[in-house]
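User: I would like a close look at one part of this model, with the cut-offs spelled out.

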Amino acid sequence: MQEETLRSVVVLGSTGSIGTQALDVVAANPGGFKVAGLAAGGGRVDLLARQAAAFGVEAVAVADAAAVPALKEALAAHGAKPTVLGGPEGVAEVAAWQCDMVLNGITGALGLTSTLVALEAGRTLALANKESLIIGGPLVKRLAKPGQILPVDSEHSAVQQCLWASGPDGYDPDSVKQLVITASGGPFRGMKREEMADVTPEMALAHPTWSMGPVITINSATLVNKGLEVIEAHLLFDLGFDRIEVVVHPQSIIHSMVEYVDGSTVAQASPPDMRLPIALALSHPRRVPGAARAIDWTKAHTWTFEPLDDVAFPSVALARHVGGEGGTAPAVYNAANEACLDAFMRGELPFLAIVDTVAKVVEEHQVTPAGSVEEVLAADAWARARAIELSR
Ligand SMILES: NC(=O)c1ccc[n+]([C@@H]2O[C@H](COP(=O)([O-])OP(=O)(O)OC[C@H]3O[C@@H](n4cnc5c(N)ncnc54)[C@H](OP(=O)(O)O)[C@@H]3O)[C@@H](O)[C@H]2O)c1
């Protein structure tokens, strides 16, 4: 990339899987980007301090205010002197920091405030934290101007790229028949429900094609992640749930497709590597040369597609249901799942009980419109508490 395109970026969740890969993209393109600020939870202060020193950032925040002294010590050891902020307010301050782009790579519902703050500050938002869009749907959509949110999720980046083929005048929703979101199927693809009764966290964390943070990896094993992505696609591309299909594609090369009304299907293909969608979001609308390895067309490849087994994996149908209900329903689905996932990781809940419990919490919930952050957070808190009660 050329010097004149230098973009300043704030990376939230910089110590995680998405955050570290985003910084890889920046490091590989010093003439394209500079890093203005970083934020993380506070669990890995030495890594955060090293990142701050390497990129010469202006501000660093940790959500856990108790981690600030250790962060300051680590920054001093690495010779970095940025502004240091602590607590959720500190993370919010970095989310609103003066820059061109904010990448939200925080995991889970905790990312909502940062998404809202970055949008309110007028920043372009490269969105990996799908949960914030899903749970804050109406709030996020009200704030976001057209084009202000750029998807980082590989499937939605793929859809976006396929939609660029919509026609010479740009995206024409009437020419789109349906979106086809691909799913690797996770580590338990092909298993019947009863065969997953004794799944352990170690087994669920062994994803066949992607290396990701623990939450999204377990969500890929239950296919809750695919359910969240269906809602994300509905919100990003304004298409009804009846026009969003899911297909299992174990090789994770086709990242999603758009089927047009004339029978043509456009697919985006690349080896599984998040640096490609991250780079594309950060440099939009330009492409970053060499962002990721391309497919080797001199070798033979076999790509397969199979329908999703909704009996073994009911999470996607449940997501369609909550997405269709709207309001606080998606926040309840996500929060109940996050609570159940924690219980599963602690060995307190069987694998199959994750989605079963989420379904019970969703069924009990009285949906309200999600008109304010307080309303969303109240639904989120209720769902977590109810999921924990039902898990005992
Ligand atoms: N990983 C992927 O390949 C991938 C692909 C598509 C979409 N996504 C989405 O991207 C998001 C991040 O996933 P990930 O896999 O990168 O997660 P991850 O590896 O667990 O990283 C999470 C990051 O968030 C930070 N964090 C935690 N709580 C925070 C808070 N309250 N405020 C600020 N930062 C906080 C963590 O900091 P500490 O290190 O201090 O804990 C860490 O830097 C998720 O929404 C996921 O669904 C990920």
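Which element gives the most to the shell around the ligand, and how is helix α10 placed in the structure?

Analyst: This is a predicted model, in which local features need pLDDT of at least 70, side-chain atom pairs count only at pLDDT 80 or more, and totals for chains, interfaces and linings use all residues. Residues are numbered from 1 along each chain as its sequence is written.

α1 gives the most to the shell around the ligand, with three residues. Helices (H or I, at least four residues) and strands (E, at least two) are DSSP runs, numbered from the N terminus. The ligand is surrounded by 31 residues, and Gly13, Gly16, Gly41, Met212 and Gly213 are the closest; a residue is near a molecule if its C-beta atom, placed from the backbone, lies within 6 Å of it. Two or more residues of that shell come from each of α1 (17-28), β2 (33-40), α6 (130-135) and α10. By class, the shell holds 14 nonpolar, 13 polar and four charged residues, where Ala, Val, Leu, Ile, Met, Phe, Trp, Tyr, Cys and Pro count as nonpolar, Asp, Glu, Lys and Arg as charged, and the others, Gly among them, as polar. Domain 1 (3-151) and domain 2 (158-274 + 292-314) each supply at least three residues to the shell; these bounds come from an automatic or database domain assignment.

Now to α10 itself. This helix covers residues 214-222, and seven of its nine residues are buried, so it is largely enclosed by the rest of the structure. A residue is buried if 20 or more other C-beta atoms lie within 10 Å of its own, exposed if 12 or fewer, and partly exposed in between, with C-beta atoms placed from the backbone. The buried residues are Ile216, Thr217, Ile218, Asn219, Ser220, Ala221 and Thr222. Their cover includes α9 (201-204), α11 (224-237), α13 (315-325), α14 (329-345) and α15 (351-364).

Leu223 follows α10 and sits in the loop between α10 and α11. Its phi is positive, about 70°, although Leu223 is not a glycine. Leu223 counts as buried because it has 30 C-beta neighbours inside 10 Å. Ser252, in the loop between β9 (244-248) and β10 (254-260), is also not a glycine and has a positive phi of about 50°. With 20 C-beta neighbours inside 10 Å, Ser252 counts as buried.

Key
Two residues are in contact if their C-beta atoms, placed from the backbone, lie within 7 Å.
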